[in-house]
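Please keep the structure open beside you while reading the points below, and look up each element as it is named.

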Amino acid sequence: MKRDIPASVGQRLLWLLSSYRRHEGAMNCPLVCRIEGPLDVGLLQAALSHLTASHESLRTTFERRGRQLRQIIHDVGTIDLRQVDLPVETDADQTVLRALDRELRTEIDPTRWSVRTILWSLGDHDHLFCLNMHHLVTDTASCLVLQRQLGEVYGSLAAGGTPTKSRSWQFSQFMAWQERQLRGPGFARQRDYWTRQLVGVAPPSLPLAQPSVTPSSRRASVEAQIPHRVVEGLRKVASLRGTTIFVAALAVYYVLVHRRTGERSLAVASLFANRLRPEIAGTVGFLANLVVLRTTFGDDATFVSLVDVARSTVLDALANQELPFHVVAPQPGPSSSPLRLEDFVFQMLAEPLDDVAKVGPTAFRGVVPNVTGRFDFELALLPSADGIAAKLYYTESRVDRAWATSFIEDYVATADAASR
């Protein structure tokens, strides 16, 4: 029997965002996997059906009723896996990547179905699989959960076993808990923290044009590679200061923005997984939350001391990441710039998307999808076996491409200097 429940706080906000960012698949959040070796398509479809039964988000659609957004959780059914045989060509890899790019830029209508699956065949032992989902039902951490479980379930079925279902909460259980916290005193401490932290906060004075009256402006990106030796150098600095490479990379961002603006009180938004509770470690759904990483440092700050300051900033944000951002988001005053803090985003994936899971003679290799940015100025760091890809997503009407290229190259150069 179908269940009809209200959408979560985050889903309601994302729905509003998606209403004017429908182009180029901006709300697509895919899991992409290269499958190398013998593949039993029937078992893959059975594995997908198992995941769909295990995670209600994968069978959820949405309906707008007046001013209210509703989730419709459907009964368990079979998964529709579209199969495409690609012609054998000398540039088979480029052919499949072009096909993937078309898929990722094709909008998903969550009022009809929120998930789309496709399997491209390049040969008997080479396939590319895409589980494409609307952001309303997933986030990056959920994709990593599904990537891991896909290989595990396929392997269990291939061995003649019965896969176990996830013991984590369903998204509706998380949502019910979040609503109780919002209505009661559960988030009082976090609300007090963000109220203090965001007093007088403003975005950095980087040269972004004012927001356009037509917010559906095209988005683009520039990319540069942070070499493995630089990554290891930053990791060593972070380890010596008792923190993570995310903090060191954030400190590099602060250094670069300070050099370009002269400001020493800096703030940037970042997407946190929002999975502090063990019950939601394996939950699939839109749990991610935007938090503000605000740091102030003195005239005599060194990179190491800035890492220490950034560490405190990140630890405080981690401890207070459950309160939905827009509940406490600062609103521009009548005389202030209309630039919003959430226009400026810095994020780094916690783990590589291109990990390989071996299932007997078959390898499931994650692929980093070339998705469209969702923010007007977003610096994303994507770890891989070769180092870290630094990618700057931007809105063309607000950021000059030459400036964006200069910024991403300066970030890599700053990281290089900081890692020595």
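This is a predicted model: local features need pLDDT of at least 70, side-chain atom pairs count only at pLDDT 80 or more; totals for chains, interfaces and linings use all residues.

1. Helix H3, residues 92-104, lies across S2, S7 and strand S6 (115-123), and the angle between H3 and S6 is about 170°.

2. The strands named so far belong to an open sheet of 6 strands, whose order is S5-S6-S7-S2-S13-S12 and whose pairing is mixed. Strand S5 (81-85) and strand S12 (356-359) stand at the edges with a single partner strand each, so one side of each has no neighbour in the sheet. On average, neighbouring strands of this sheet are turned by 20° against each other, direction ignored.

3. As a reminder, the strands of a sheet pair through backbone hydrogen bonds, and they may do so in a parallel or an antiparallel way. Strand S2 (residues 31-36) and strand S7 (residues 126-133) run antiparallel and are joined by 6 bridges. To find one place where this can be traced, look at valine 32, whose bridge partner in S7 is cysteine 130.

4. Which residues of H8 meet H9? Helix H8 (residues 245-261) and helix H9 (residues 303-319) pack with their axes 9 Å apart, at an angle of about 115°, and their crossing is right-handed. On the H8 side the contact is made by Phe246, Val247, Ala248, Leu250, Ala251, Val252, Tyr254 and Val255, while the H9 side includes Phe303, Leu306, Arg311 and Thr313. Sorted by class, the contact of H8 with H9 has 13 nonpolar residues, 1 polar and 1 charged.

5. The structure holds 21 salt bridges, and one of them joins the side chains of glutamate 56 and arginine 3, at 2.7 Å from N to O. Arginine 3 is in strand S1 (residues 3-6) and glutamate 56 in the loop between helix H2 (41-54) and strand S3 (60-65), so the pair ties together parts that are 53 residues apart in sequence. Glutamate 56 counts as buried because its relative accessibility is 6%, under the cut-off of 20%, whereas arginine 3, at 38%, counts as partly exposed.

6. Another salt bridge is formed by the side chains of arginine 105 and aspartate 101, at 3.3 Å from N to O. Arginine 105 counts as partly exposed at 37% relative accessibility, and aspartate 101 is partly exposed with a relative accessible area of 26%.

7. Finally, please trace the network of salt bridges that links Arg219, Arg340, Asp343, Asp376 and Arg398.

Conventions:
Residues are numbered from 1 along each chain as its sequence is written. Side-chain values use heavy atoms; hydrogens and water are left out. Axes are lines fitted to C-alpha atoms, for helices over the stretch in contact, and angles run from 0 to 180 degrees between N-to-C directions. Helices (H or I, at least four residues) and strands (E, at least two) are DSSP runs, numbered from the N terminus. A crossing is left-handed if the near helix is turned anticlockwise from the far one by less than a right angle, and right-handed if clockwise. Contact means heavy atoms within 4.5 Å. Ala, Val, Leu, Ile, Met, Phe, Trp, Tyr, Cys and Pro count as nonpolar, Asp, Glu, Lys and Arg as charged, and the others, Gly among them, as polar. Two strands pair if DSSP finds at least two bridges between them. A salt bridge is a side-chain nitrogen of Lys or Arg within 4 Å of a carboxyl oxygen of Asp or Glu. Buried means under 20% relative accessible area, exposed over 50%, partly exposed in between (1.4 Å probe, protein chains only).
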